[in-house]
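Subject: Structure for your attention

Dear colleague,

Please find the sequence and the structure below. My notes on them follow directly after.

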Amino acid sequence: MKTKEELIAEFVEAGKTLYERGYATGSAGNMSICLPDGTVAATPTGSCLGRLDADNLSIVDKDGNLLSGPKATKEVLFHLAIYRNNPEQQAVVHLHCCYCTAYACLKDLNKDSVLDPITPYVVMRMGDVPLIPYYKPGSIHLAEDIGAVAAGHNAFLMANHGMITCGRTMNEAVCNAEELEASCKLFFVLRGCEDRIRYLTEAEINELRK
């Protein structure tokens, strides 16, 4: 098992690499990770993912009470909802990256699974990606709706807002975020070719899920 210090170092590095590669801008987005003592390290409110300080993170308990550091992001509520309802997950990444956010602004998405698979990778890494209805950022209703579908899922799209991915490790959560952004980008790259897209068949999807 990794130490608290090792996990926090990975957390800070993940924020830096997401920022440097353009997945996060300004103070948009937030992350969290579960620590060995049962507490959660989260990005402070208004912080930039590219400039996180290992000694100045928000440490909260599983109920969201601040234990040390600056005030946590107001969206830590949905991070905690994921941990409560899907205990296998140990890290959460929320980003407003370009293609996921653009895709989340489209009307009439399938709320049970927003992406019709055209490559194997979202199916293999994340499976179905539920759509969470729009609420004001930080709303308790976001946490309630995400918590209600958290079990069995490790990626979500929030309408008119952005994306969330999670994983058993911070690296897994980040990889899922990259894969979801790439898959949403494909949708826009293929605009105008809709009648020529070959979607994966149900049999092919079921084979991947096995």
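Apart from residues within four places of Ala24 in sequence, the contacts of Ala24 are Leu18, Tyr19, Leu49 and Leu95, where contact means heavy atoms within 4.5 Å. This is a predicted model, in which local features need pLDDT of at least 70 and side-chain atom pairs count only at pLDDT 80 or more, while totals for chains, interfaces and linings use all residues. Residues are numbered from 1 along each chain as its sequence is written, and side-chain values use heavy atoms, with hydrogens and water left out.

Two alanines in loops

Ala24 sits in the loop between α1 (4-20) and β1 (30-34); helices (H or I, at least four residues) and strands (E, at least two) are DSSP runs, numbered from the N terminus. Ala24 counts as buried because its relative accessibility is 6%. The cut-offs are under 20% relative accessible area for buried, over 50% for exposed, and partly exposed in between, with a 1.4 Å probe and protein chains only.

Ala72 belongs to the loop between β4 (66-68) and α2. With a relative accessible area of 10%, Ala72 is also buried. If residues up to four places away in sequence are not counted, Ala72 touches Ala42, Thr43, Pro44, Thr45, Ser58 and Val60.

Helices α2 and α5

How do the axes of α2 and α5 cross? Helix α2 (residues 76-85) and helix α5 (residues 140-149) have axes that come within 8 Å and cross at roughly 20 degrees. The two are therefore roughly parallel. Axes here are lines fitted to C-alpha atoms, for helices over the stretch in contact, and angles run from 0 to 180 degrees between N-to-C directions; those under 35 degrees count as roughly parallel, over 145 as roughly antiparallel, 65 to 115 as roughly perpendicular and the rest as oblique. On the side of α2, the contact is made by Leu77, Phe78, Ala81, Ile82 and Asn85, and on the side of α5 by Ile140, Leu142, Ala143, Ile146 and Gly147. These residues comprise 8 nonpolar, 2 polar and no charged. In this scheme Ala, Val, Leu, Ile, Met, Phe, Trp, Tyr, Cys and Pro are nonpolar, Asp, Glu, Lys and Arg are charged, and the others, Gly among them, are polar.

Helix α6

Helix α6 (residues 170-189) has 20 residues and spans 29 Å from its first C-alpha to its last, close to the expected 28 Å, which is 1.5 Å times one less than its number of residues. Its buried residues include Met170, Ala173, Val174, Leu180 and Cys184. Glu172 lies in this helix and counts as buried because its relative accessibility is 18%. Beyond its neighbours within four places in sequence, Glu172 is in contact with Arg125 and Gly167.

Positive phi values

Most residues other than glycine have a negative phi. Asp108, in the loop between α3 (98-104) and α4 (120-125), has a positive phi near 65 degrees. Asp108 counts as exposed, at 78% relative accessibility. Asn160, in the loop between β7 (155-158) and β8 (162-167), has a positive phi of about 55 degrees. Asn160 is partly exposed, with a relative accessible area of 47%.

Yours sincerely
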